[in-house]
Amino acid sequence: MAVTLLCGAAGSGKSTYARSLEAAGWLRLCFDVETWRGGVRELPAPPGMAAQIEDDLQRQLVEAVSAGRDVVLDLSFSTRDLRDAYRALVAGLGVRAETVFLPVEGSTAVERVRRRRNSGPDDYRLTDEAVVAHVEGFEAPTFAEHPLRVVDGEVVLRHARDDEAQALLEFWARSAENASRPQDSQVAVERLLARDPASVLVAELDDRIAGTVIAGWDGWRAHLYRLAVGPEARGLGIARRLLGHAEGRLRALGATRLDAMVLDGNDVGAAVWLSAGYAPQGEWSRWVKPVDPPPTPGGATVE
């Protein structure tokens, strides 16, 4: 059973995405469908009606989740407060809702909405000014909100799942990782995902891992690790997008400075970090002390 909070401004393609899930058997709950059914042909709906519709949608959501149905909520979810409220509602039913965000630029949104003909709930006409205001006033989710999936053209960016430790290790092994660090283990990655499940960001192409970054936050400092892009996916701007979202997560958590470790001699990696505004800090050196790995719950040592 799954619940998706479909998040995006007018013209982002939310309804198309939601209808694809509906065709696969999901229950689609949509504010615009209810306003159209209530006879509204021009948005916004009257305030009293809007409140009544939201109450009814929440009732249907609770009933559907209790019955074990997959649900997609086709709303704008334009503020974090609203997303938090629905996540809390679903969490109270024992389900973790995933937010799916469809970003859109203002000019693209205007062009798409201009093609509407007011023929149904997914085709409401809006003025150019209303569309621009919606896009500019939209509080986009960051990867501080977990779990999140961003559908950015052909690339999907998302949080790593808690069952992906081995897949991440295999990806790092084939994406030019180096031997100048302690060897990772599945247990170590699983421990990271259990402690901070929002820390590992994944980029997907064709449902396969194409890039990663770890955005670590200890409550005081922010650290970036494992920025990697698969050989087949380089040149598509994936590293830039991963970094942008990782930085968004860390800023939302309160970070005021970000740091990254870059291996000396890694000219390709250094160029990526430099282009993103990072620079080496020559007056500091990194001091390390190897320690024995902790025992596993069964008493064996992690290798």
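These questions and answers go through a predicted model, residue by residue and pocket by pocket.

Reader: What ground rules apply to the numbering and the values?

Author: Residues are numbered from 1 along each chain as its sequence is written, and side-chain values use heavy atoms, with hydrogens and water left out. In this predicted model local features need pLDDT of at least 70, side-chain atom pairs count only at pLDDT 80 or more, and totals for chains, interfaces and linings use all residues.

Reader: Which residues lie nearest the centre of the second largest pocket?

Author: Lining residues have an atom within 4 Å of a point. The second largest pocket has 37 of them. Nearest its centre lie Ala10, Lys14, Asp32, Ser76 and His134.

Reader: Which helix gives the most to the lining of the second largest pocket?

Author: Helices are DSSP runs of H or I with at least four residues, strands are runs of E with at least two, and both are numbered from the N terminus. H1 (14-23), H2 (31-37), H3 (47-66), H4 (80-91), H5 (106-114) and H6 (128-136) each supply at least two lining residues. The one that gives the most, with 5 residues, is H1.

Reader: How many residues of the lining of the second largest pocket are charged?

Author: Ala, Val, Leu, Ile, Met, Phe, Trp, Tyr, Cys and Pro count as nonpolar, Asp, Glu, Lys and Arg as charged, and the others, Gly among them, as polar. The lining has 19 nonpolar and 8 polar residues. The charged count is 10.

Reader: Is Arg28 buried or exposed?

Author: Arg28 sits in strand S2 (residues 27-30). Buried means under 20% relative accessible area, exposed over 50%, partly exposed in between (1.4 Å probe, protein chains only). Arg28 has 13% relative accessibility, so it counts as buried.

Reader: With which side chains does the side chain of Arg28 make a polar contact?

Author: A polar contact is a pair of N or O atoms within 3.5 Å; within protein, one must be able to donate a hydrogen and the other to accept it, and residues adjacent in sequence count only if both atoms are side-chain atoms. One partner of Arg28 is at 2.8 Å, the side chain of Asp74. The other, at 2.6 Å, is the side chain of Asp122.

Reader: How many disulfides are there?

Author: A disulfide is a pair of cysteine sulfur atoms within 2.5 Å. The sulfur of Cys7 has its closest cysteine sulfur in Cys30, 14 Å away, so the two are too far apart for a bond. Cys7 is buried at 0%, and Cys30 is buried at 3%. The number of disulfides is 0.

Reader: Which backbone nitrogen lies 2.8 Å from a polar atom of the side chain of Glu164?

Author: Glu164 is in the loop between strand S6 (155-159) and H7. Its relative accessible area is 4%, so Glu164 is buried. The backbone nitrogen at 2.8 Å belongs to Arg161.

Reader: Which residue is joined to Pro147 by a cis peptide bond?

Author: Most peptide bonds are trans. A cis bond joins Leu43 and Pro44, with omega about 5 degrees, and Pro44 is in the loop between H2 and H3. Pro147 lies in the loop between H6 and strand S5 (148-152). With omega near -5 degrees, the cis bond to Pro147 comes from His146.

Reader: What is phi of Phe77?

Author: Most residues other than glycine have a negative phi. Phe77 is in the loop between strand S3 (71-74) and H4, and at 1% relative accessibility it is buried. Phi of Phe77 is positive, near 50 degrees.

Reader: How far apart in space are Val200 and Ser20?

Author: Val200 is in strand S7 (residues 200-205) and is buried, with a relative accessible area of 1%. Its contacts (heavy atoms within 4.5 Å) beyond four places in sequence include Leu168, Leu192 and Val213. Val200 and Ser20 are 180 residues apart in sequence, and their C-alpha separation is 28 Å.

Conventions
1 Å grid on protein atoms, 1.4 Å probe; cavity = no way out; pocket = protein on both sides within 12 Å on 5 of 7 lines; lining within 4 Å.
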